[in-house]
Number of protein chains: 4
Amino acid sequence: MSSNFGTLFRVSTFGESHCKAVGVVIDGCPPGLALSEADIQAQLDRRRPGQSALSTDRQEADQVIILSGTENGRTLGTPIALQVANKDQRPKDYGNMRDIPRPSHADYTYQMKYGIRASSGGGRSSARETIGTVASGAIAAKVLKEKCNIEIVAWVSSVGEIDSAAIDNLTISRDEVDATIIRCPDREAAAKMEELVGELKAIGDSVGGVVSCVIRNVPVGLGEPTFEKLEAKLAQAMLAIPATKGFEIGSGFAGTRLRGSRHNDPFTQKDGRLGTVTNRSGGIQGGISNGEPINLRIAFKPPATISLPQETVDFSGKEAVLEAKGRHDPCVVARAVPIVEGMAALVILDMLLRQEARKALTFK
Amino acid sequence: MSSNFGTLFRVSTFGESHCKAVGVVIDGCPPGLALSEADIQAQLDRRRPGQSALSTDRQEADQVIILSGTENGRTLGTPIALQVANKDQRPKDYGNMRDIPRPSHADYTYQMKYGIRASSGGGRSSARETIGTVASGAIAAKVLKEKCNIEIVAWVSSVGEIDSAAIDNLTISRDEVDATIIRCPDREAAAKMEELVGELKAIGDSVGGVVSCVIRNVPVGLGEPTFEKLEAKLAQAMLAIPATKGFEIGSGFAGTRLRGSRHNDPFTQKDGRLGTVTNRSGGIQGGISNGEPINLRIAFKPPATISLPQETVDFSGKEAVLEAKGRHDPCVVARAVPIVEGMAALVILDMLLRQEARKALTFK
Amino acid sequence: MSSNFGTLFRVSTFGESHCKAVGVVIDGCPPGLALSEADIQAQLDRRRPGQSALSTDRQEADQVIILSGTENGRTLGTPIALQVANKDQRPKDYGNMRDIPRPSHADYTYQMKYGIRASSGGGRSSARETIGTVASGAIAAKVLKEKCNIEIVAWVSSVGEIDSAAIDNLTISRDEVDATIIRCPDREAAAKMEELVGELKAIGDSVGGVVSCVIRNVPVGLGEPTFEKLEAKLAQAMLAIPATKGFEIGSGFAGTRLRGSRHNDPFTQKDGRLGTVTNRSGGIQGGISNGEPINLRIAFKPPATISLPQETVDFSGKEAVLEAKGRHDPCVVARAVPIVEGMAALVILDMLLRQEARKALTFK
Amino acid sequence: MSSNFGTLFRVSTFGESHCKAVGVVIDGCPPGLALSEADIQAQLDRRRPGQSALSTDRQEADQVIILSGTENGRTLGTPIALQVANKDQRPKDYGNMRDIPRPSHADYTYQMKYGIRASSGGGRSSARETIGTVASGAIAAKVLKEKCNIEIVAWVSSVGEIDSAAIDNLTISRDEVDATIIRCPDREAAAKMEELVGELKAIGDSVGGVVSCVIRNVPVGLGEPTFEKLEAKLAQAMLAIPATKGFEIGSGFAGTRLRGSRHNDPFTQKDGRLGTVTNRSGGIQGGISNGEPINLRIAFKPPATISLPQETVDFSGKEAVLEAKGRHDPCVVARAVPIVEGMAALVILDMLLRQEARKALTFK
């Protein structure tokens with residue numbers, strides 16, 4: 001009940017950092033979809049470590065294999081199992097990290113919750129777990145694109161104190177996002193971000209950032225009030241990504257400072273439907289999509305694993321200094337972009353299926 | 001599906017603004033708990049409209065009745081059905097609001113999603129729906145308090161641009177919160193907030209705000225990675241509250257601007273367990289509670305229903321001016337306090353039950 | 001997680017024998033359905049005690065009230081809460097039944113599971129709990145009838161050793177079923193059954209029986225392999241009815257004695273679709289409906305509560321003789337007919353919604 | 001929502017007859033359990049085809065690999081992914097079976113439900129799908145044995161019209177069951193069954209049978225009324241096994257013919273708890289285990305795939321004669337024994353976890 005997500009398009013992820021493989025089983029994928037590994041690999045490549053000099057030096061190819069659920073390149077409607085082998089399955093020598101729980105990492109809480117934990121690399125709390133999300137999200141996104149022309153694009157909008165200029169969320173594309181290593185479409189800000197991350201990598205420190213995401217062409221009517229309002233499920237999905245600390249939809253926290261007369265989005269006529277003049281609602285009203293672009297912002301804290309020495313205590317409570325070994329990302333936001341996109345796709349497709357069920361049996 | 005929440009402590013809410021009753025059925029409440037209506041009524045009284053001159057003038061007593069699940073003042077372990085009668089069940093004359101969807105409200109999306117909508121007052125999207133959450137949350141909170149001494153306290157930390165001073169979340173109590181009408185423990189800020197809300201009420205405008213919440217004495221180990229990490233379920237719960245636009249845990253968006261060496265929470269020895277020196281993690285690491293206080297912030301937008309005239313279009317797309325009739329809250333945050341507390345209690349108790357199941361069968 | 005059923009059409013029942021009310025909340029009912037209490041009352045009247053001299057003498061009107069989810073006689077798509085008041089809310093004097101767990105009843109297991117139990121009348125294990133199923137099932141059945149012309153008819157096919165002659169499940173109607181008090185369409189067998197039940201009532205004993213059920217006009221394609229195959233969910237639903245001990249679909253246990261060459265249902269052309277010449281499959285193949293009538297049989301044990309003295313032990317283990325007070329049904333099958341129909345409707349509608357979701361997004 | 005099962009011990013199975021692999025992901029396995037492939041392989045070996053001359057001649061080794069969720073031979077509490085490679089991944093030439101749906105098989109319903117189906121061998125409806133159930137059930141059974149000494153033993157109690165003599169379900173062991181190829185502990189009946197199956201194999205026909213199962217040492221209190229009564233979930237689980245047509249608990253259909261005075265199980269004192277003198281309840285009362293052995297019977301129809309020519313129609317409705325190619329089981333009950341045991345283990349462990357959660361928070 002923890003590694004499952006979704007009601008009709010339901011994913012079950014598995015895998016630790018040093019077991020044989022990580023992956024996901026998808027139950028409820030629409031049948032007849034043209035699907036090959038290549039459809040999935042593109043997003044996994046955007047997620048994998050070692051893509052650039054800014055990221056960790058670990059190199060993992062992360063090749064996905066479809067184990068089940070397709071025949072002759074078409075989905076059968078049966079569970080699709082996806083697997084990515086772990087190249088290095090031997091638990092590593094992580095020095096004194098075995099005895100000293102990393103501050104702000106999951107070592108301590110996993111040990112206390114389960115009474116046992118993977119000996120290295122984060123185990124299930126490792127970012128490798130997100131492979132299942134990215135892989136299944138790529139399939140969901142393909143369904144959404146082909147059936148409804150829904151587009152999901154995420155990008156880095158801040159790193160530390162460096163903010164991107166405003167991005168036009170009506171037109172931003174994944175190609176534009178990928179034009180810089182840091183995945184910030186504002187070239188000037190991107191250069192500063194990359195410089196900062198490079199410096200931090202050199203000194204063994206880390207920094208946080210914000211990922212923005214737009215979901216375009218969502219039909220009116222998605223979201224299941226009250227506990228599964230569209231923004232509620234998006235918030236759950238995004239806060240399930242490692243290292244996230246905040247979520248905003250539409251006007252977010254800044255909107256709380258406005259008056260209603262200024263914040264409300266007046267309706268207007270748009271291509272035979274009602275649209276809104278402004279979009280402080282972020283594409284969702286009353287927990288249900290209104291046809292406007294859905295705009296999200298997700299806060300990522302600075303990665304907890306740093307090489308700088310940290311004064312802390314070991315598991316027994318004895319004072320200790322931790323100097324983390326290994327190769328770690330000084331900033332995760334660039335690699336988080338496809339994870340955010342994947343989570344968004346999982347939520348939207350599940351909600352689309354549920355609304356289609358309702359529509360089919362609605363009495364007019 | 002939509003009005004259900006929780007895995008082991010599972011609530012199902014019901015009710016619109018003008019039907020016979022609103023309420024909730026709770027499945028999975030621990031048996032043997034001493035429970036009477038009075039245990040629930042206190043939080044409902046903090047939620048009800050008409051508590052003060054700042055709120056809507058509507059007066060609703062919101063008396064709760066326990067229909068099932070108890071005998072001789074003890075819970076039986078069977079479903080507990082709670083009901084609050086709607087005093088006024090007749091759909092009102094809301095003037096031209098029938099034909100003109102309120103900007104930033106749920107009128108348009110409900111109509112499009114369901115092909116039908118309640119004729120007035122918001123129907124299911126009305127704040128009356130939160131009665132089920134507050135009532136079931138009060139029961140969950142009682143279980144948490146009696147079994148683990150868990151305390152949940154929420155308060156208003158900003159209204160519009162008026163921010164509260166820092167509040168000591170280790171000691172803040174509901175009594176201190178209730179000392180001001182606006183439920184901001186910073187008396188000076190509270191006075192300004194109340195003045196602002198009074199002014200907006202007079203002119204028919206509204207304003208947003210932020211509710212903060214602390215959950216104390218949570219045992220280490222709650223939360224179900226990966227999709228039901230503790231912060232993920234809290235985020236879902238909070239974004240399911242009407243009018244919410246953002247969620248933060250611990251350092252939130254501000255934490256993204258820090259470096260890891262500054263952001264990490266070093267461990268230290270505390271009363272025979274490990275604690276952290278600082279608490280930027282907000283009491284959760286790797287999706288699992290670490291024993292420190294859990295700190296949340298939730299953004300509420302300015303209420304959409306205002307009396308000031310708004311230029312918009314009607315359902316047919318024709319230009320129109322909406323002047324909302326009726327009595328509406330100029331600011332919802334004071335009444336949102338018990339709703340936030342209720343949601344937090346629902347999440348924590350469900351997670352506690354799930355962890356107890358694991359602990360009972362863990363191999364040592 | 002126990003009083004909930006269904007994925008998209010989801011019911012949550014509540015209520016004990018002596019609390020204020022019993023009922024159900026339905027989440028996911030299609031919007032726009034014409035619905036009034038009368039649509040639900042008919043099946044409740046078929047379920048209520050005291051319908052005939054053969055049943056218990058208790059008289060309960062069981063008037064249903066719709067608390068929420070409709071306006072102007074149409075469903076809103078929001079949760080529908082239904083409530084039936086308990087006329088007598090005072091726990092009764094059930095004599096020594098308080099200290100002596102009734103053999104083959106739920107007194108002992110409820111006490112052990114929950115550490116507490118309702119003081120009389122069976123509490124949650126009472127047949128009054130089935131009111132929620134019958135009421136929600138009546139709504140599901142109305143949707144199925146209006147959208148797909150699906151018909152669900154159950155009847156009594158045996159009481160004790162008295163078997164009904166074969167019934168034509170293509171034509172049998174509820175009117176024909178209700179032509180006899182015992183609800184067996186074979187008039188000759190019905191007379192014998194009624195005579196037997198009358199005798200047993202007189203002497204304070206009870207007897208079991210079998211209820212058969214046919215579901216006609218089910219579209220091809222319902223059922224969700226593998227764990228939610230159509231027969232699997234039907235089996236769960238039927239075994240969740242109090243006093244059930246067995247379930248058969250199609251050829252059932254008798255079919256195990258046949259050879260495949262004799263048991264297989266050859267296909268044939270029927271009205272532009274494939275049908276089968278025989279129907280030993282009972283309308284389901286591979287867990288999925290095939291368009292033929294779905295045929296079920298459900299075994300009901302003799303009611304456990306009898307007036308005849310029983311040698312047993314009390315809760316402390318001391319030998320005792322139980323002579324049950326109160327008015328009890330000597331045979332439940334006649335009243336079980338609408339419960340079986342209700343459960344069938346809940347399963348079929350949930351599966352129909354799920355298949356509609358799939359169909360809407362299938363790639364051709 | 002179809003290949004998932006369980007609330008706290010949750011399995012997600014995947015795989016068709018001719019894809020790369022079949023398997024299962026288990027979420028919620030208790031941490032710290034000693035676990036290796038050998039613990040799982042034993043039951044897979046009892047399930048695999050080609051065990052004896054009576055079964056299909058197909059030889060599949062069905063070697064299981066643990067992909068995730070363990071380290072140093074202990075479970076981590078994280079998802080356990082299990083995989084069994086399909087030796088032959090090429091869809092076979094199944095002759096005219098491509099155009100002619102096999103009578104009483106899933107070819108027609110899968111095609112209609114999904115609009116596509118695996119080209120050969122049954123795809124997802126193949127018995128290979130049960131590998132996931134058997135593998136995850138073996139792990140559940142190990143937890144149950146080590147924590148509660150719960151024992152689950154199934155055996156063949158009839159083949160066609162050949163019935164086994166009564167078996168002592170208090171003592172029957174898997175070794176005794178495996179003493180005959182057909183897995184019937186009554187040696188005399190077993191010999192007749194094996195002879196019959198041999199004859200049917202020779203002529204290309206098939207036959208059904210009944211599998212009985214006992215679950216011993218179940219603690220009092222498992223089962224979640226009302227929709228997840230213990231017998232209801234067992235019924236769902238068993239009817240989710242391919243080719244099943246019926247389910248009985250305790251006295252089953254035969255019990256419906258008895259009077260209550262004869263059918264009731266009087267209580268008696270047993271080892272410091274209450275037990276029952278007889279066990280017509282089959283170890284469950286009111287949907288909750290009572291501490292007595294749980295006795296089940298499951299009906300398996302004759303396999304649909306036979307070599308004897310069958311007059312039927314093809315997908316277009318044209319008359320045709322089907323002569324199934326390939327190697328098929330003339331009787332599945334011997335291989336169904338570990339599947340029934342696996343399903344039983346999945347249900348019991350999930351219910352045990354849920355009851356432990358309740359017990360931990362019950363107020364005394």
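B:N72 sits in the loop between strand 5 (70-71) and strand 6 (74-75) of chain B; strands here are DSSP runs of E with at least two residues, helices are runs of H or I with at least four, and both are numbered from the N terminus. This is a predicted model, where local features need pLDDT of at least 70, side-chain atom pairs count only at pLDDT 80 or more, and totals for chains, interfaces and linings use all residues. Residues are numbered from 1 along each chain as its sequence is written, while chains are lettered from A and ligands numbered from 1 in the order in which they are written.

- Most residues other than glycine have a negative phi, and most peptide bonds are trans.
- B:N72 has a positive phi, near 50°.
- B:N72 counts as exposed because it has 10 C-beta neighbours inside 10 Å (exposed is 12 or fewer other C-beta atoms within 10 Å, buried is 20 or more, partly exposed is in between, with C-beta atoms placed from the backbone).
- In chain B, the peptide bond from B:P225 to B:T226 is cis, with omega near 10°, and B:T226 belongs to the loop between strand 10 (209-216) and helix 6.
- Chain C has a cis bond from C:P225 to C:T226, with omega near 5°, and C:T226 lies in the loop between strand 10 (209-216) and helix 6 (230-239) of that chain.

**Where chains A and B meet**

- On the chain B side, 91 residues are in contact with 90 residues of chain A (contact means C-beta atoms, placed from the backbone, within 7 Å).
- Helix 6 (residues 230-239) of chain B gives the largest share of that side, six residues.
- The chain B side splits into 34 nonpolar, 39 polar and 18 charged residues (Ala, Val, Leu, Ile, Met, Phe, Trp, Tyr, Cys and Pro are nonpolar; Asp, Glu, Lys and Arg are charged; the others, Gly among them, are polar).
- Strand 11 (residues 244-249) of chain A pairs with strand 11 (residues 244-249) of chain B, antiparallel, over three bridges (pairing takes at least two DSSP bridges).
- A:F247 has B:F247 as its bridge partner there.

**How the two copies relate**

- Chain B superposes on chain A by a rotation of 180° with 0.0 Å of shift along its axis, RMSD 0.0 Å (least squares on C-alpha atoms of residues with pLDDT of at least 70 in both).
- That is the relation of a two-fold axis.
- The copies meet through the same surface, because 99% of the interface residues of chain B are also interface residues in chain A.

Terms used
Contact = placed C-beta atoms within 7 Å.
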